[in-house]
Amino acid sequence: MPPRLVARELIGGRPAAIVVSEEEVKDDRGAVRVLATPSTASGGGGDGALAGLIAGAFLPEGYPDSVSSDYLSYQLWDSIQGLSSYVRGMLSSQAMLAGVGVGSAAATPLGAVFQFFVKDMSGMVGGIFFASTQGSGLDCYAKQWRLFADVMNDVGMALELASPLLPGAFLLLACLGSIARAVTGVAGGATRMALTQHFARRRNAADIAAKEGSQETAVTLVGMVLGMALIRLAAGRPALTWAAFWTLTAVHVWANVRAMRCLRIAGINQPRLGLLLRHYLRQGAALTPAQIAVRESLVPPPLQRLLRLLGLGGLTGAEQCQVAVAPRLASLRAPVQRQVGAELARAAEQGSGRRYVAAATGAAAGPGGPDAVLLLHQAATPADILQGYCAALMLAWGSQLGRGGGQPTLWPAAAQQALADPDAWFSTGSSSNGPDGVPAGNRQRSKGGSSAGYGGFLDALDAAGWDLGRVALMQGQARLEWGGADLHSE
């Protein structure tokens with residue numbers, strides 16, 4: 001009788017050994033045996049051993065099971081953009097050395113050190129200022145800021161490469177380039193941690209970060225060699241230098257966009273929530289993280305606001321609606337203050353227990369202002385913030401439809417009814433919350449988008465693969481108290 005397979009050992013998704021039972025053996029000690037698979041027993045040959053050594057040096061332990069499914073595709077695109085950066089970095093370094101006078105008899109070591117001192121100091125101050133202005137936005141918009149960081153790296157390299165061409169403005173261009181590179185360091189370093197946490201599937205973020213450092217080192221070595229070859233090839237040929245620089249810059253930007261598009265992050269932020277809610281109201285189904293990855297805007301919030309103010313960018317639908325979450329009341333325009341004040345008074349009179357107040361601003365916010373405002377109670381939980389943001393979006397979309405905008409033909413009748421009465425939609429299939437305030441399951445699901453209500457929306461998100469425990473909505477620090485009991489307890 002042939003041996004009977006009892007179990008199979010897998011390492012990194014590949015078979016390593018099998019456990020078999022030999023029925024005819026009566027001795028219990030010999031009845032079960034562990035057998036190595038052929039590839040394991042033979043060591044996989046020279047090629048297999050080399051592949052294992054390379055994998056151990058550059059891939060996280062337990063790959064591919066220990067990382068998310070988008071890890072490899074992201075790292076491949078990230079390596080391409082990194083290689084482009086390091087080759088161009090050699091060109092910009094050469095330009096900086098020429099700018100400070102290396103090879104010129106008139107240059108002095110003290111003058112060169114002073115110029116590098118001013119350049120580096122400008123970058124440090126710029127990096128500190130940038131970090132102070134962003135805060136939690138780097139967490140909420142990790143993909144957008146990561147792409148922005150790489151674009152700023154391109155800007156910094158271009159300024160450094162151009163600085164020797166304008167001797168009178170060399171120090172100014174060098175300082176501006178240093179500031180751009182410092183912004184790259186702050187935004188890139190901050191968002192890298194968020195992406196590392198996304199990749200980690202076995203609480204192995206440290207291992208992933210270490211292996212990413214090894215990958216970056218290897219790419220740097222290759223980039224330095226190619227950069228030196230390019231410098232020698234383009235020596236005395238500035239047209240070739242600039243042609244190579246801009247070609248590599250185009251490759252750099254393209255690879256970065258592809259890297260961001262392949263990231264299927266299951267956490268929810270403002271742009272994703274807007275796309276998800278709008279699609280659910282219109283279609284009655286939730287988009288998956290993979291579908292959102294190719295649809296969400298990669299422009300960071302400050303540039304989105306600038307494009308909105310200028311009327312540029314072709315932003316439509318969810319991206320057109322801006323919701324100010326927990327802003328300071330003094331930062332709002334007087335007409336908006338009166339609107340939210342009326343909503344606060346209504347909430348205090350009704351005493352519904354709802355821990356947020358949402359109001360559409362319409363034209364009262366002025367050019368570039370928010371379409372809706374979401375005020376939060378002192379006791380608001382993450383579930384309250386999530387629901388409040390959805391309510392604010394629906395009020396903004398309803399206000400657009402009421403003013404003759406918002407493309408009414410794109411909204412089915414049920415969706416328009418939900419926008420006209422968001423409170424009724426939220427009360428349909430209302431959700432329960434877990435002990436940490438995160439929406440929990442066990443909700444009655446009903447077919448159809450807006451008819452299923454808010455509870456059905458959360459169920460659809462959960463079924464589509466979204467992590468409702470990872471909701472990062474950019475918000476201010478202001479919290480309010482309303483209702484007689486709260487106010488008279490002080």
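**Cores, charges and surface**

Reply: In this predicted model, the largest nonpolar core comprises 47 residues, and those with the most contacts inside it are Leu 277, Leu 281, Leu 374, Trp 425, Phe 457 and Leu 461.

Me: What lies apart from it?

Reply: Another core, of 18 residues, lies apart from the largest one; Val 67, Tyr 71, Tyr 74 and Ala 205 are among its members.

Me: Changing topic to charges: how many salt bridges does a search of the whole structure find?

Reply: The search finds 12 salt bridges. One of them joins Asp 154 to Arg 88, with the closest N and O atoms 2.9 Å apart. This pair links distant parts of the chain, since Asp 154 is in helix H7 (residues 142-162) and Arg 88 is in helix H4 (residues 71-99), 66 residues apart.

Me: Are Asp 154 and Arg 88 buried or exposed?

Reply: Asp 154 is buried, and Arg 88 is buried as well.

Me: Which residue forms a salt bridge with Lys 143?

Reply: The partner of Lys 143 is Glu 296, and their closest N and O atoms are 2.8 Å apart. Here too distant parts of the chain are linked: Lys 143 is in helix H7, whereas Glu 296 sits in the loop between helix H12 (289-293) and helix H13 (301-310), 153 residues apart. Both residues of the pair are buried.

Me: What about Lys 119 and Asp 120?

Reply: Their side chains meet in a salt bridge, at 3.2 Å from N to O. Lys 119 counts as buried because its relative accessibility is 11%, under the 20% limit. Asp 120 has a relative accessible area of 35%, and is therefore partly exposed.

Me: Which residues are linked in a network of salt bridges?

Reply: Asp 78, Arg 146 and Asp 150 are linked in such a network.

Me: Let us turn to Asn 269. Where is it found?

Reply: Asn 269 is in the loop between helix H10 (238-261) and H11. It counts as buried because its relative accessibility is 1%. A polar atom of the Asn 269 side chain lies 3.2 Å from the backbone nitrogen of Arg 272.

Me: And what does Asn 269 touch, not counting residues up to four places away in sequence?

Reply: With those left out, Asn 269 touches Cys 140, Tyr 141, Gln 144, Ala 472 and Leu 473.

Me: Where is Gln 339 found?

Reply: Gln 339 belongs to helix H14 (residues 334-350), and with a relative accessible area of 29% it is partly exposed. A polar atom of its side chain lies 3.0 Å from the backbone oxygen of Ala 360. The C-alpha atoms of Gln 339 and Ala 359 are separated by 7.2 Å, although these residues are 20 apart along the chain.

Me: Finally, the surface. Which residues form a nonpolar patch there?

Reply: Phe 114, Phe 117, Met 121 and Val 125 form the patch, with about 410 Å² of accessible area together. Val 125 is in helix H5 (residues 109-134).

Me: Why does Val 125 count as exposed?

Reply: Val 125 counts as exposed because its relative accessible area is 52%, and exposed requires over 50%.

Terms used:
Residues are numbered from 1 along each chain as its sequence is written. This is a predicted model: local features need pLDDT of at least 70, side-chain atom pairs count only at pLDDT 80 or more; totals for chains, interfaces and linings use all residues. Side-chain values use heavy atoms; hydrogens and water are left out. Patches are made of residues with over 30% relative accessible area and no salt bridge: like charges are joined within 9 Å, nonpolar side chains (Val, Leu, Ile, Met, Phe, Trp, Tyr) within 5 Å. Accessible areas come from the Shrake-Rupley method with a 1.4 Å probe; for residues, only the protein chains shown count as cover. A salt bridge is a side-chain nitrogen of Lys or Arg within 4 Å of a carboxyl oxygen of Asp or Glu. Helices (H or I, at least four residues) and strands (E, at least two) are DSSP runs, numbered from the N terminus. Buried means under 20% relative accessible area, exposed over 50%, partly exposed in between (1.4 Å probe, protein chains only). A polar contact is a pair of N or O atoms within 3.5 Å; within protein, one must be able to donate a hydrogen and the other to accept it, and residues adjacent in sequence count only if both atoms are side-chain atoms. A nonpolar core is a set of buried Ala, Val, Leu, Ile, Met, Phe, Trp, Tyr and Cys residues joined through side-chain atoms within 4.5 Å. Contact means heavy atoms within 4.5 Å.
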